Amino acid sequence: MARRSPVRVIGGRLLQALPVILLATFIVFALLKLVPGDIAVTLAGDNATDARITEIRKVYGLDRPFLVQYGAWLANVVQGDLSQSLLTGEKVATSISRAFPNTLLIVIIALVLALVTGIPMGVIAAIKPNGWVDKTVSMVASLGVAIPGFWLAMILVAEISLKLNWLPATGAKSFSVSPIEAIRHALLPGIAIAAYGMAEVARQLRGSLLEVLSSQYVRTLHAKGLSMTRILWQHGLKNVSVNLFTIISLLVNRMLAATVVIEAVFAIPGLGSLIVRGAIQRDFPIVQGVVFTMVIVVILVNLIADLLCAAVDPRIEQ
Amino acid sequence: MAQTTRREVMALISGALAGVTLGGEAFAQATPKRGGTLRISAPANPSSLDPATGGAGSDHAFLFTMYDTLTEWDFETLKPKPGLAESWSFSDPTTLVLNIRSGVSFHDGTPLDAEAVKFNLERNKSDPKSNIKADLAAMDSVAVTGPMQVTLKLNTPDAALPGILSDRAGMMVSPAALKASSAGNVTRTPVGAGAYVFVSWADGEKIVVKRHEKYWKPNRPYPDGIEFSIIPELTTGARSVTAGQNDLIYQLPPRQKAIVERVSSVKVFNGPTLYVFQIFLNWAKPPFDNLKVRQAFNFAVDRESFVKAALAGLAEPAYMNLPKAHWAYDKSVAALYPYDPDKARKLLAEAGFKEGSVIEIVGYNDQDSVQRQEILIEQFRKVGMNIKFLNAPIAEASAAFFGAEKRGSGILAAWTGRPDPSLTYSLMFTKDAYYNGGRAPVPTELDEAIKASRASEDVEVRRKAFSTVQRLVMENAFVLPLAFQFELVAMNKKVQGYRPNLLGKPKYDDVWLES
């Protein structure tokens, strides 16, 4: 079987993503319309009459059939316009481009932290399975999975920000203005999300590494007289890297979802807070815009992970 | 600065018998100083920064910094006083003449004259996107009767207008800015004549304003600017103040008071407001279509313990829709429903109410709301009423009760006050009002009384008219008022001159920062 060119592969994958984007935005749009509560009531103000609310629906085009409204939104998106908030009139693209870097920075910090702690833990545990190191790692990993991120976040704020005053308790700073300040603000939320990631990486890595190390070819390598270190780094980790990439892509998606809660705890104006505000106020262009962005990010992350997997493991047919 | 300690301050506040706090001036001994940026944690993104197209009560905290109003309210009693209009008078009951202060200009340099006022009032009255048409329903036309004078022709006597002009309807927007905008509004580009000039608004994140150098009030404002960080999670907002990232947070829930007070750099102010927790009743359907059940409902609640248990004591028990400090408060009406469980049982028996029958009340599903519900459930159980709360998020719950669905027989919610009480009553207790959930008719004499409350501008006459209105509302028991929530504001000790107000919507007129 001849291998297809990477360009065609990527192009094909992106084409496949189109129906996913359509379906996801349509379902979310439908959900927003199905749940009770109505932005017309918010738009009409505190002392509105029924007649005024009906009038508002007309003025803002909210009385049009459901499919027409979705179609109008989609038509705008195709022309590269995510439209604007019904309530405040801010361009959704503007809101997203301001919020996205804040969320991205937290996720990147969380991912880096999860990897630099999780990978050594997993490797050490796998080298001497069932030893005390392994047991400790297992315990820490179980804790990491079990502890809710928002709880850890509050404890971190109470101890590190309020008591020790080392890091800011709330808010975000722009990375382009001051990278150091931006990282200082994103560090605690990053740690709060990283705990789960660290545990997941350590556990998964330990499992797959154990499997590789107990396989026959590793016994052969031992017999050849290769040192444990070389076996581990040259053969072991290369073989588990496919698993690792998959774990990372799943983690990124999970971490993106976790920001919804974490951003509320730290008052970070990111994608999570944006979608919560949009959903509460039934400001559907905002919700649609964020969902659209998230879907694209998730698809891209999965695509990159797949490409990396294929690069390290020729057996994987794209 | 050798200042009174927080304990003394709190003693001062709780000692104010009328329930009105003395505000910042009583203990700010130093001379106000210019400079610095006031950093505020705000609980909600505004719905719009255009006074006419916005709708949320939480917008005022931003709007008041950028827009001055034709009249202003007195912080303690909410009586209207001169603002951009230096005086006003009713030449007859349907003609209101406003004399505009001279020498005032908008932030963009446009002069604020009679033409500008006429332009704004007409826009507020007739723009399709205006949410304040109803406020100006009594106004037929505006005429410029002098370079600095406008005359409002009314279709019915409306003594509430001066009060109404201290709210959204009286916020003056630069006509030049409105005309320049393609959408015909200044939702994102506000230009007013207020103490601060708009700088930027990042949705859900930050609003920045800076001092209006040509502001008409001498020496005001003191700070160079204000930065609002929008932090919907109030616990997080309070933390931003205790950690020193913000200087001030308003609308704190009572349970936060003890927590923020533990921090020595923070002081807490509180005072009564018009914000009243109440159960709106649907008197078009059972069981509240029966007057005796509604009255029993009012006798069954021990408001004093409700305030202690649900609101940490930081509230005034409510027996009518105005608190003690308000100019139109009536002691005798407030005495109509003392806590009297026996009376409640008796009324229920007379009404043929079957003991233990379930009454469905709509509620909100947040932590504080549920706590309030639990206390009420217990109190009603004691008189044989079995309350079941149908909980949902705020938007859903209110739409379900006040809108077309007519879910439940009542809703445990709140009423934010209006600068003139006649609005409060006409928005809740007239037949077609949105906040009359059942859209059920009210007695003609109540309609008449509400009209009468707007007929005269004489405060004594109006006070009597409101007594009648409020007496009719409470004798008919159209509502179950529970408690007026105190305004709770926590701030860094370097913030000086803050004064709570009865409306409960913060104004920062005299605030300055110690360096």
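Trainee: Where in chain B is Pro221(B) found?
Mentor: Pro221(B) sits in the loop between strand E9 (206–211) and strand E10 (225–230) of chain B. Helices (H or I, at least four residues) and strands (E, at least two) are DSSP runs, numbered from the N terminus. Please note that this is a predicted model, in which local features need pLDDT of at least 70, side-chain atom pairs count only at pLDDT 80 or more, and totals for chains, interfaces and linings use all residues. Residues are numbered from 1 along each chain as its sequence is written, chains are lettered from A and ligands numbered from 1 in the order in which they are written, and side-chain values use heavy atoms, with hydrogens and water left out.

Trainee: What kind of peptide bond joins Arg220(B) and Pro221(B)?
Mentor: That bond is cis, and its omega is about -15 degrees. A cis bond also runs from Pro286(B) to Pro287(B), with omega near 0 degrees. Pro287(B) lies in the loop between strand E12 (266–281) and helix H8 (291–299) of chain B.

Trainee: And with which residue does Arg220(B) form a salt bridge?
Mentor: Its partner is Asp510(B), and the closest N and O atoms are 2.8 Å apart. A salt bridge here is a side-chain nitrogen of Lys or Arg within 4 Å of a carboxyl oxygen of Asp or Glu.

Trainee: Which parts does that pair tie together?
Mentor: Arg220(B) is in the loop between E9 and E10 of chain B, and Asp510(B) is in the loop between strand E18 (495–496) and strand E19 (512–513) of chain B, so the pair links parts that are 290 residues apart in sequence. Over all chains, the structure holds 35 salt bridges.

Trainee: Turning to the interface, how many salt bridges are there between chain B and chain A?
Mentor: The count is three. In a salt bridge between the two chains, the side chains of Lys133(B) and Glu55(A) meet at 2.8 Å, N to O.

Trainee: How many residues of each chain are in contact?
Mentor: 35 residues of chain B touch 38 residues of chain A, where contact means heavy atoms within 4.5 Å. Of the chain B residues, Asp203(B), Arg239(B) and Tyr434(B) lose the most area to chain A, together 19% of what that side buries.

Trainee: What is the area buried between the chains?
Mentor: It is about 3000 Å², of which carbon and sulfur atoms give 48%. Buried area is the accessible area (1.4 Å probe) that two parts lose on being put together, summed over both.

Trainee: Now chain A: how many helices and strands has it?
Mentor: Chain A has twelve helices and zero strands. Its C-alpha trace spans about 85 × 60 × 35 Å along its principal axes.

Trainee: How far apart are the end C-alpha atoms of helix H10 in chain A?
Mentor: Helix H10 (residues 228–266) has 39 residues, but its end C-alpha atoms are only 44 Å apart, short of the 57 Å that a straight helix would reach at 1.5 Å a residue. That expected span is 1.5 Å times one less than the number of residues.

Trainee: Where is the kink in H10(A) centred?
Mentor: The kink, of about 45 degrees, is centred on Ser241(A). The bend at a residue is the angle between axes fitted to the seven residues ending there and the seven starting there. Ala267(A), which follows H10(A), has a positive phi, near 50 degrees.
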